[in-house]
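Let's take a walk through this structure together, with the model open beside the text.

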Amino acid sequence: MFRVVKEAEEELLAYPMKPTEIQPFDDLLRNIPSILRTKVREFLTEQRYDIVERLLFALPGLSNLNRLVTPNLNSQLCHKEIVDLTRSHVQKTRINVDSNWAERRYKELNENINDLKMMENYFKAYRNIFPSSWNDGIVQNIREEIESLGQNARKCVENKTIATREQDRFRHLFVQMGFVLVEMPLFKSFTKEVMANILESCLDSNWGYSYLFELGLSLQRGNENCSDDENRIAQVLVSDFSHFKEVLTMVWNQETCQKPVEDTVRDVVVQTRASKKAPCIEHIDIDREELLTSFKKFESEYKTFLGEYIKPDAELNILVQYVRSIAGKIGPLNCSIGWGTDTKDQITTILAGVFALFTVLKSGASYNRLESSEEANELGEKLLMKPHNIQVLTLLCMFGCGFPSRSSLESQLMQIRTGVGKS
């Protein structure tokens, strides 16, 4: 642009005019400083610092316009004003950093720091605009804050007596660290390490598992005396730390609505399409009593397996070998033949063994830890990851239970309504 302006200047100067005579484009050229100021404010607000940096680099060339305007254009003043605007924007952001830090508005503080980092990337060559690094002091302050919160929280769990007495204070300190964790991604790794170390220190004591379980429940349920933001952060912490996985399992069990199995069986609808050419829908009768009997058999064997193999010293390989031996006796099978009553009974036993193994592997350790704790032994049953009734019934239907007259498997499409425990 400035090259073109220079060429225009040379062309116009080739025809001298009187100093008082109005020259071509005077109005346009006189408005350039105002336009530049407006655009710089706009670019700074929109964080388009790359454009501002290019403009700062090109500003010295503005002097080429001075003699093209009557009276002469004051390019030095325009240059100074744009530099002042940019420096003022940097200073304002630094003030916001200090203000948001003082009031512990972590989300806004994180935005300010990211803004300063972007500005430093483009303006660091201009010491009169960006005289010092963005992290001058603030990083150390935040790290010291995290460490201080962590040290105070650790003091609250030095032993069982102190932990019981300082439970509310520990929760408050942990949530405060959670604000930094969630709202300041720049410090997430450091903060999470401090918080995880505190939780791990609790597990070094025999009372620690039940204490963390109670803490997790408190965080998940929220506190009516806390703000909405505090309760939101508390629930995020339960999801972020594996130390609270038992709480998530219990919440999953409690929030999943399961109808009584008898009601579910009664509401089962079986339909078939007559033919591809005439896709009309026909209803098929299902033996609900047989399906319910199969489920009761599954439930009984599942509980038996679970009671025997959830014990800490149980040998799960024995269960695995037992289930595999049953599967070996009835196989190989194909969909056309062999699916009689005896096979379906064996399938029920296999499902019971598979799901019992799943429950033990997924939640057996958590169950045993809570069962060994005097404070929380009544909660152990709620921690088990068990199959939902609708899931078991669906599998039983797929394997032909409920159709006693069939000795083969038909192609089927199972549909489970949302909200009844399919996930």
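One aromatic cluster is made up of F170, F174, W207, Y211, F241 and F244. Keep in mind that you are looking at a predicted model. Within the structure there are 10 aromatic pairs. Take F170 and Y211: their ring centres are 6.0 Å apart and their planes meet at 65 degrees, so this pair is edge-to-face. Because F170 belongs to helix α9 and Y211 to helix α11, the pair ties together parts 41 residues apart in sequence. Both F170 and Y211 are buried.

Now turn to F298 and F355, whose ring centres are 6.0 Å apart with planes at 90 degrees, so that pair is edge-to-face. Here F298 sits in helix α15 (residues 288-309) and F355 in helix α17 (residues 341-371), so parts 57 residues apart in sequence are tied together. F298 counts as buried at 3% relative accessibility, and F355 is buried with a relative accessible area of 17%.

Helix α10 is worth a stop too. Spanning residues 188-203, α10 has 16 residues and reaches 23 Å from first C-alpha to last, close to the expected 22 Å. Its buried residues are F190, T191, V194, M195, I198, L199, S201 and C202, and they pack against α7, α9, α11 and α12.

Finally, look for the largest pocket, with a volume of about 1100 Å³. It is lined by 27 residues, and V268, V269, L413, M414 and Q415 are the closest to its centre. The elements that give two or more residues to this lining are β1 (271-273) and α18 (389-398), with α18 giving the most, five residues. By type, the lining divides into 12 nonpolar, 10 polar and five charged residues.

Key: Residues are numbered from 1 along each chain as its sequence is written. This is a predicted model: local features need pLDDT of at least 70, side-chain atom pairs count only at pLDDT 80 or more; totals for chains, interfaces and linings use all residues. Side-chain values use heavy atoms; hydrogens and water are left out. On a 1 Å grid over the protein atoms alone, a cavity is a set of points where a 1.4 Å probe fits but cannot get out, and a pocket is an open set with protein on both sides within 12 Å along at least five of seven lines; lining residues have an atom within 4 Å of a point. Grid points are joined across faces, edges and corners, and a volume is the space filled by probe spheres set on the points. Helices (H or I, at least four residues) and strands (E, at least two) are DSSP runs, numbered from the N terminus. Ala, Val, Leu, Ile, Met, Phe, Trp, Tyr, Cys and Pro count as nonpolar, Asp, Glu, Lys and Arg as charged, and the others, Gly among them, as polar. The expected span of a helix is 1.5 Å times one less than its number of residues. Buried means under 20% relative accessible area, exposed over 50%, partly exposed in between (1.4 Å probe, protein chains only). Contact means heavy atoms within 4.5 Å. Rings of Phe, Tyr and Trp (its six-membered ring) pair if their centres lie within 6.5 Å; planes under 30 degrees apart count as stacked, over 60 as edge-to-face and the rest as tilted.
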